[in-house]
Amino acid sequence: MSEWTQLWLDYRKVCDGIEKVNVIVRDFSKENRVIKSLLDEITRGMKGLTGAEISVAIKDEFEGKSEDGTLNVAIQKNDEILAEGYRIFRKGSEVLLEAADEKGALYGTYHILRMTARGELIDGLEKKCDPDNPLRMMNHWDNMDGSIERGYSGRSFFYKNNEVIVDDRTRDYARFMASIGINGVVINNVNVKEAASYMITDRYFDKLKEMSDVFADYGIKMYLSLNFASPIELGGMKVCDPLDPEVIKWWEDKCKEVFTALPDLGGFLVKADSEGRPGPFTYGRTQADGANMLADVVKPYDKLIIWRCFVYNCTQDWRDTKTDRARAGYDYFKDLDGKYHENVILQIKNGPMDFQIREPVSPLLGGLTKTNQMLEVQIAQEYTGQQIDLCYLIPLFKEVLDFKTYCQKDKDTVADIISGRAFGNKNCGMAAVINTGNDKNWTGNDLAAANLYGFGRLAYDMSLSAEEIAREWVAQTFALEKADEDIIVKMLIESRDIYEKYTCPLGIGWMVTPNTHYGPSVDGYEYSRWGTYHRADHLGLGVDRSDKGTGYAMQYYPENASKYNEMEKCPEELLLFFHHVPYSYKLKDGRTLIQYIYDSHFEGESRAEEMAESWEKLKGKISDESFKRVKNRFERQLYNAKEWRDQVNTYFYRKSGIADEKGRKIYE
């Protein structure tokens, strides 16, 4: 058996009646590396899905015969189509794929294979697809020793013992990414340390060039996370001040060396001034000073600087009720709007805190109107079950994309902003902290691959619904009958709500075990330096972020600020994020806050049990290996859900002294 699975590209036979597939490529060069990958993939895919004989040729005219049992696929250029977009048409036995460039042709090829796997490549088909986001990226948090920060699927398949690995798995990974429309991959952790600092030296250039070439075969740009302190750590300098002429000269020399050795590198991702990382603040400079210095250095090579906005004071005192970590991103970056150079992109987390199961959309998204912006989400489930608990995150991402910022009269959603529709930006898009590792199934929990697949599909086409994406993934991954497919789709769609119900109520977040971030510890971070407080006392719960508290609510445009600022108007799913609420406060359905906490935690755990029971119905209908892996994860999830239910309910019963109206078991 293979050392690893093929995820949604398993290409099991699902289609009868096709005996031969003729593939003709026109206008594209047969020497083009992406076209070569395209031809390899359509041969592999069609052979697996149909069992047919495959014929591939590059020529000007199509000479195949239209006859029973034959499918003729023509792939050709059409300069009227947008970059990386494609059109698919089928009439009888003829399928035509048109694209403006080789990337669009490759994405269209994967779409043909996707439709074939689902029985949708039907006569009369017309499908038009253009990418919504210019940049569609995966961020790896892999370290060169083989560990992965917040990795829940084994160790890195990029690195081992401080060496770069390039092998067949690298190529399969590139195939998976291309199949969902990813066009950029950051291969190392944003917290650059130790050996990773030397990735911009000749110690690693040869292997990095080899890896970059594999990605380029599939239309993917490779990026590196950069150590802002490299002039000190590599250059022996005393400072890394971005305005120091000698520091600038060091970076100029270094980037000439890097881009000569790695000409296809897309640029650098930078995390500075956060969680112990050095940055411009050390020298009294702004974030724009740091980003623009690097942007100017890489501009002659037509490269990008992606600058993370995860910057906050990580030495907060829990006694201080005015300093608010949630405010930090906006406070540090808003006044610099319009000061960043064109090849700088600010990468902004979806919420102001840190990838919680529920938090408001960052006010920076929309707050900035003159700066390139990129949305950052996390598909590695750091705070959402760590690929043990099932938590399908595409509904969460859809909510973020659909959020109205009110930054202008129309075209004001997050989707409008990050796609460039709002302000005409070309350097923008979506990035995700990825959830892969060297486990045989890549994502630890087989079902967690739905988040990996879903992010790519959503980044390319933001109009897709969470259910559409789930159905695509389930069909390609498991090839089940419709009734059984429905079981998994239902589990996926409901899983985020279930996880939220048995963990943190109404947007308060955190309450997790320190350091590992898995499982409950209600006061685990309550007196820490990280600013992740819930402020529970004997009267109520929640953080006052109104104009009478930290003032965070006022960072939004008036339409949202007025809603968030008043307890009675605040969306209840975010109530505790914005307000300190009495336990006796009545929600819209008439329940008190304390009763909601009890009810939601009992309900969440109960529904988790129902999901586990649903999985049992699929025994014998999917591979035994996959079934057992997921069954094991559900057993662990149920234990976790019970711990959350009992610890949270007990904690708030002890705090409030108010009993559950329904008399259920709560520990004293």
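Author: Helices (H or I, at least four residues) and strands (E, at least two) are DSSP runs, numbered from the N terminus. This is a predicted model, in which local features need pLDDT of at least 70, side-chain atom pairs count only at pLDDT 80 or more, and totals for chains, interfaces and linings use all residues. Residues are numbered from 1 along each chain as its sequence is written, and side-chain values use heavy atoms, with hydrogens and water left out.

Start with Asn143. Asn143 sits in the loop between β7 (135-139) and β8 (159-160). Is Asn143 buried or exposed? Its relative accessibility is 12%, so Asn143 counts as buried. Buried means under 20% relative accessible area, exposed over 50%, and partly exposed in between (1.4 Å probe, protein chains only). Contact means heavy atoms within 4.5 Å. Setting aside neighbours within four places in sequence, Asn143 is in contact with Ile148, Glu149, Tyr159, Asn189 and Lys193.

Next, Arg358. This residue lies in the loop between β14 (344-349) and α9 (364-367). Arg358 is buried too, at a relative accessible area of 14%. Not counting residues up to four places away in sequence, Arg358 touches Glu399, Arg496, Glu500, Gly507, Glu573 and Leu574. With Glu500 there is also a side-chain polar contact, at 2.9 Å. A polar contact is a pair of N or O atoms within 3.5 Å; within protein, one must be able to donate a hydrogen and the other to accept it, and residues adjacent in sequence count only if both atoms are side-chain atoms. Phe577 is 219 residues from Arg358 in sequence, yet their C-alpha atoms are 9.0 Å apart.

Now a helix residue. Thr50 belongs to helix α1 (residues 33-50). Its relative accessible area is 2%, so Thr50 is buried. A polar atom of the Thr50 side chain lies 2.6 Å from the backbone oxygen of Met46. A polar atom of that Thr50 side chain also lies 3.1 Å from the backbone nitrogen of Ala52. Beyond four places in sequence, Thr50 touches Lys13, Cys15, Ile18, Val21 and Thr116.

Last, the cysteines. The structure holds zero disulfides, a disulfide being a pair of cysteine sulfur atoms within 2.5 Å. Cys504 is in no disulfide either; the nearest cysteine sulfur, that of Cys391, is 12 Å away. Cys129 is buried at 6% relative accessible area, and Cys504 is buried at 5%.
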